[in-house]
Amino acid sequence: KMQLMNQQARLYIVAYFVTFVFGIWNQISIIVFHHRSWTLLLLQQATTPAQGFFNFLVYIRPFVLRARRRNPDISWWSAFVVVILSREEDGEGWSFRRRRRRREGVLLADDDDDENNNNNNNGG
């Protein structure tokens with residue numbers, strides 16, 4: 001388990017590095033060689049805003065691997081789609097919502113259920 005956690009941490013570092021390597025390289029090129037590279041500038045402009053996307057891919061990776069372990073015949077892309085489209089209760093999906101809990105045999109509602117009930121009571 002520790003090895004998987006270390007690998008996940010390394011992937012976050014790689015995502016960070018990929019995000020900023022072209023910007024750093026571009027600045028070094030300007031300062032040291034007094035040369036502006038439009039290719040480096042374009043790569044910098046493409047990867048810097050994509051940092052959230054790279055982090056998302058790293059974050060969702062364990063869920064995709066679990067889906068592939070449960071269904072070894074599906075491709076990585078198919079597992080990715082299954083995870084994205086699955087609901088949390090399926091056991092395949094992922095969610096930022098608070099997980100449902102059971103207390104003394106009673107299922108407690110999560111945040112979404114509370115919002116739906118408030119909207120229904122307020123006419124919305």
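Colleague: At what angle do helix H3 and helix H4 pack, and how far apart are their axes?

Modeller: Two packed helices are described by the angle between their axes and the distance between the axes. In this predicted model, helix H3 (residues 51-70) and helix H4 (residues 76-85) pack at about 105°, and their axes are 9 Å apart. That makes H3 roughly perpendicular to H4.

Colleague: Which residues of H3 and H4 meet?

Modeller: From H3 come Phe-56, Leu-57, Ile-60, Phe-63, Val-64, Ala-67 and Arg-68. From H4 come Trp-76, Ala-79, Phe-80, Val-83 and Ile-84. By class, the contact of H3 with H4 has eleven nonpolar residues, no polar ones and one charged.

Colleague: Which residues make up the largest nonpolar core?

Modeller: The general idea comes first. In soluble globular proteins, nonpolar side chains tend to be buried together. Here the largest nonpolar core has seven residues in all: Ile-60, Phe-63, Val-64, Ala-67, Ala-79, Phe-80 and Val-83. H3 and H4 each supply at least two residues of this core. H3 gives the most, with four residues.

Colleague: Now H1 and H3. Are they roughly parallel or roughly antiparallel to each other?

Modeller: Read the angle. Over 145 degrees counts as roughly antiparallel. H1 and H3 pack at about 165°, with axes 9 Å apart. They are therefore roughly antiparallel to each other.

Colleague: Is the crossing of H1 and H3 left-handed or right-handed?

Modeller: The crossing of H1 and H3 is right-handed.

Colleague: Which residues of H1 and H3 meet?

Modeller: In H1, the contact takes in Gln-7, Gln-8, Leu-11, Tyr-12, Ala-15, Tyr-16, Val-18, Thr-19 and Phe-20. In H3, the partners are Gln-51, Phe-54, Asn-55, Val-58, Tyr-59, Arg-61 and Pro-62. The residues of this contact divide into ten nonpolar, five polar and one charged.

Colleague: Let's turn to the loop. Where does His-34 lie?

Modeller: His-34 lies in the loop between helix H1 (2-33) and helix H2 (38-47). Check its backbone too. Phi of His-34 is near 50°, a positive value in a residue other than glycine.

Colleague: Why does His-34 count as exposed?

Modeller: The cut-off for exposed is over 50% relative accessible area. His-34 has 70% relative accessibility, so His-34 counts as exposed.

Colleague: And His-35: what is its relative accessibility?

Modeller: His-35 also lies in the loop between H1 and H2. Its relative accessibility is 46%, so His-35 counts as partly exposed.

Colleague: Which residues is His-35 in contact with, leaving aside its neighbours within four places in sequence?

Modeller: With those neighbours set aside, His-35 is in contact with Ser-29 and Ile-30.

Note on methods
Residues numbered from 1 in each chain as written. Predicted model: local features only at pLDDT ≥ 70, side-chain atom pairs only at ≥ 80, totals over all residues. Heavy atoms only, no water. Axes fitted to C-alpha atoms, helices over the stretch in contact; angles between N-to-C directions. Parallel < 35°, antiparallel > 145°, perpendicular 65-115°, else oblique. Contact = heavy atoms within 4.5 Å. Nonpolar A, V, L, I, M, F, W, Y, C, P; charged D, E, K, R; others polar. Buried < 20%, exposed > 50% of the residue type's maximum accessible area, 1.4 Å probe, protein only. Left-handed = near helix turned anticlockwise from the far one by under 90°. Core = buried A, V, L, I, M, F, W, Y, C linked by side-chain atoms within 4.5 Å.
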